[in-house]
Amino acid sequence: MKRNSGRLQAGEAVLFIDRKQREYMRQLAPGKRIHIRNGFFWADHLIGLAEGHTVYNSAGEAFVLVRPTIAQFIPNLPRQAQPIYPKDIGPILLWGDFFPGAHVVEIGVGPGALSMGILQAIGPEGRLVSYEVRSDFAARARQNVELLLGPVPHWQLKQADAFAGIEERNVDRAVIDLPEPWLLLAQVAAALRPGGVLVSYLPTVLQVKELVDQMRSGAEFGLVQVFELLQRFWHVEERSMRPEHRMVAHTGFIVTARRLAHLPGPGATAPPLR
Ligand SMILES: C[S@@+](CC[C@H](N)C(=O)[O-])C[C@H]1O[C@@H](n2cnc3c(N)ncnc32)[C@H](O)[C@@H]1O
């Protein structure tokens, strides 16, 4: 796994940004034309440039040419399923404490947006096992992830129904992004080590209520926290400093919980609670 940093290479994803800050993500396919708005570029003329050049299409329109950051890459992904957006991926990675070297299970891959965030966070010493029930989604997710990160040997993408069983054990972190995560609590509890963190991402508050109720009615999970993030961009020009007129008001709720351990049962010699 390696993000490129030198001159632009054949096959890479690049971002063309016009003077109105509109983004056009394209791949540098050798020998091909890249059509943007009313003009085009020859990819061969761009391969080998440094990032940050201003380039002009055949119609004379100017664009700044850069590699996308992960936050720019995700909203520009081709996708069939709804990804988690960067504003939520950042906090998920921090509040879920996805550390370098962690062993992680992910349920529900979709276009692979969260997968790429996790893979970057855990690094090549970590291990991510992801379950995706649809083979077409799994194939697209692998393409998306490898376009940004290159080959990812520390990622095992299983085309499988998570409800049929989660095989991993003693994992550090688990994340569920599908509509009824409470139906997977027993499976995830068996997979997580004591102290491990479960993160779930849910669009509606009724789902949050169901999940939290189910966690509280069992003994496996505790220290539950629920939050959401609002992100408001600002328009900053010489004579005009104000919030953007539009914002994404709601995406989803983030629920985190810890896998609890149990003291030995009656009859065993347990250390005193402190
Ligand atoms: C909302 S998408 C996940 C998006 C992803 N977190 C991202 O950031 O790109 C939910 C995914 O869960 C998958 N899914 C639904 N039920 C599943 C199951 N039982 N086992 C595995 N995957 C499942 C769907 O096919 C879909 O791709």
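What share of the contacts in the chain between residues at least 6 apart in sequence join residues at least 24 apart? The share is 61%, where contact means heavy atoms within 4.5 Å.

1. Basis. This is a predicted model, in which local features need pLDDT of at least 70, side-chain atom pairs count only at pLDDT 80 or more, and totals for chains, interfaces and linings use all residues. Residues are numbered from 1 along each chain as its sequence is written, and side-chain values use heavy atoms, with hydrogens and water left out.

2. Overall. The chain has 7 helices and 15 strands. These are DSSP runs numbered from the N terminus: helices are H or I with at least four residues, strands are E with at least two. The C-alpha trace spans about 80 × 45 × 35 Å along its principal axes. Of the 274 residues, 44% count as buried. Buried means under 20% relative accessible area, exposed over 50%, and partly exposed in between, with a 1.4 Å probe and protein chains only.

3. The open sheet. Four strands form an open sheet in the order E2-E1-E6-E5, with antiparallel pairing. Its edge strands are E2 (23-27) and E5 (53-56), and each pairs on one side only. Neighbouring strands are turned by 35° against each other on average, direction ignored. Two strands pair if DSSP finds at least two bridges between them. E5 and E6 (residues 62-66) are antiparallel over 4 bridges. Here His 53 stands opposite Leu 65 in E6.

4. A covered strand. Strand E7 (residues 103-107) is mostly covered, with 5 of its 5 residues buried. In a regular strand the side chains alternate between the two faces of the sheet. On one side of E7 lie His 103, Val 105 and Ile 107; on the other lie Val 104 and Glu 106. E7 pairs with strand E8 (residues 127-132) in the parallel sense over 5 bridges. His 103 stands opposite Arg 127 in E8.

5. A helix pair. H3 (residues 86-95) and H4 (residues 113-122) pack at an angle of about 40°, with axes 10 Å apart. Axes are lines fitted to C-alpha atoms, for helices over the stretch in contact; angles run from 0 to 180 degrees between N-to-C directions. The two helices are therefore oblique to each other. Angles under 35 degrees count as roughly parallel, over 145 as roughly antiparallel, 65 to 115 as roughly perpendicular, and the rest as oblique. Ile 89, Ile 92 and Leu 93 of H3 meet Ala 113, Leu 114, Gly 117, Ile 118 and Ala 121 of H4.
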